There are 2 protein chains.
Amino acid sequence: MEAAPHDETIRAGELELRRSDGLVLAGGRVLAMSVRELRLLMALVDRWGRIVSREELYRLAWGGTLRPGDRSVDVYVHKLRTKLEQALPHATFIHTHLGFGYRFEPLHKL
Amino acid sequence: MEAAPHDETIRAGELELRRSDGLVLAGGRVLAMSVRELRLLMALVDRWGRIVSREELYRLAWGGTLRPGDRSVDVYVHKLRTKLEQALPHATFIHTHLGFGYRFEPLHKL
DNA sequence: GCGCACGCTTCACCGCCTGTTAACAGCGCT
DNA sequence: AGCGCTGTTAACAGGCGGTGAAGCGTGCGC
């Protein structure tokens, strides 16, 4: 189920990430992702199961330092959740740890 | 079974504390912890098996000095116990030493 | 050049969670 | 019994994150 960080193809339940192609598949369908969305998702997946701070996510997906008050990470987490939710309604992937950051882990809902 | 204070990953029976990730696992499941809860738990675990006074716990988890009448530590010990109890009903981790403070040590119930 | 489409950023609003304090109940010791 | 300490719950305020939309910039096709 779980995948080593730098495999070419990573599977998370119904979700499939082809790193080299920059391609995300959900139940066989292609999920259109922008560059930022993809890099953020990859950053989270690379830290599978661990909490990743906004600062680190910003470094990994944007490069540079997250400025105080910058909500970009939040907004893009939301975009990712929306797309994943729409493709795979029965699962949740990105979990919030208030005051810490986000964590990637596929779970069945409720 | 027991762990040295500053290991990255500490195991207490079914309980697993990943210090660097700020993550607590109980039987493989993630236990969501707030900042205070986590710091208090870590403070207790760092003094594994020893009695820690409220004053010291406050210093370690809150910073600063515990003011007379401040019950914050008690309230958060209770929150920790509730979460640990719910995740691992057959074990007890935090023990009260009346007039002295609290002590962390995983024990089977009864 | 112009307008459009897309992606990224920023803003504002709102709801929920957290941390704090207080109040009351219960327990243990003398 | 009386006192002090702890357990437990509730109420409150502030902060953080969720969310939708507007603002900008860039690249592309016409």
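The model is a predicted one, in which local features need pLDDT of at least 70 and side-chain atom pairs count only at pLDDT 80 or more, while totals for chains, interfaces and linings use all residues. Residues are numbered from 1 along each chain as its sequence is written, and chains are lettered from A and ligands numbered from 1 in the order in which they are written.

**Chain A as a whole**

Chain A holds three helices and seven strands, where helices (H or I, at least four residues) and strands (E, at least two) are DSSP runs numbered from the N terminus. Along the sequence these elements follow the pattern β-β-β-β-α-β-α-α-β-β. The radius of gyration of chain A is 13 Å, close to the 13 Å that the globule rule gives for 110 residues, so chain A is as compact as a globular protein of that length; the radius is taken over C-alpha atoms, and the rule is 2.2 Å times the number of residues to the power 0.38.

| Property of chain A | Value |
|---|---|
| Span of the C-alpha trace along its principal axes | about 40 × 35 × 25 Å |
| Buried residues, out of 110 residues | 26% |
| Contacts with a separation of 6 or more that join residues 24 or more positions apart | 46% |

Here a residue is buried if 20 or more other C-beta atoms lie within 10 Å of its own, exposed if 12 or fewer, and partly exposed in between, with C-beta atoms placed from the backbone. Two residues are in contact if their C-beta atoms, placed in that way, lie within 7 Å.

**Helix H2 of chain A**

In helix H2 (residues 54–61) of chain A, the buried residues are A:Leu57, A:Tyr58 and A:Ala61. They cover an arc of only 100 degrees around the axis, which puts them on the same side of H2(A); the arc is that of the directions from the helix axis to the C-beta atoms. These buried residues pack against helix H1 (35–46), strand S5 (51–52), helix H3 (72–87) and strand S7 (101–108) of chain A. Just after H2(A), A:Gly63 takes a positive phi of about 85 degrees.

**Around DNA strand D**

DNA strand D is surrounded by 18 residues, the closest being A:Asp74, A:His78, A:Thr96, B:His78 and B:Thr96, where a residue is near if its C-beta atom, placed from the backbone, lies within 6 Å. The elements giving two or more residues to this surface are H3 of chain A together with helix H3 (72–87) of chain B.

**B:Thr92**

B:Thr92 lies in strand S6 (residues 91–97) of chain B and counts as partly exposed because it has 16 C-beta neighbours inside 10 Å. Leaving aside residues up to four places away in sequence, B:Thr92 touches B:Leu107 and B:Lys109.
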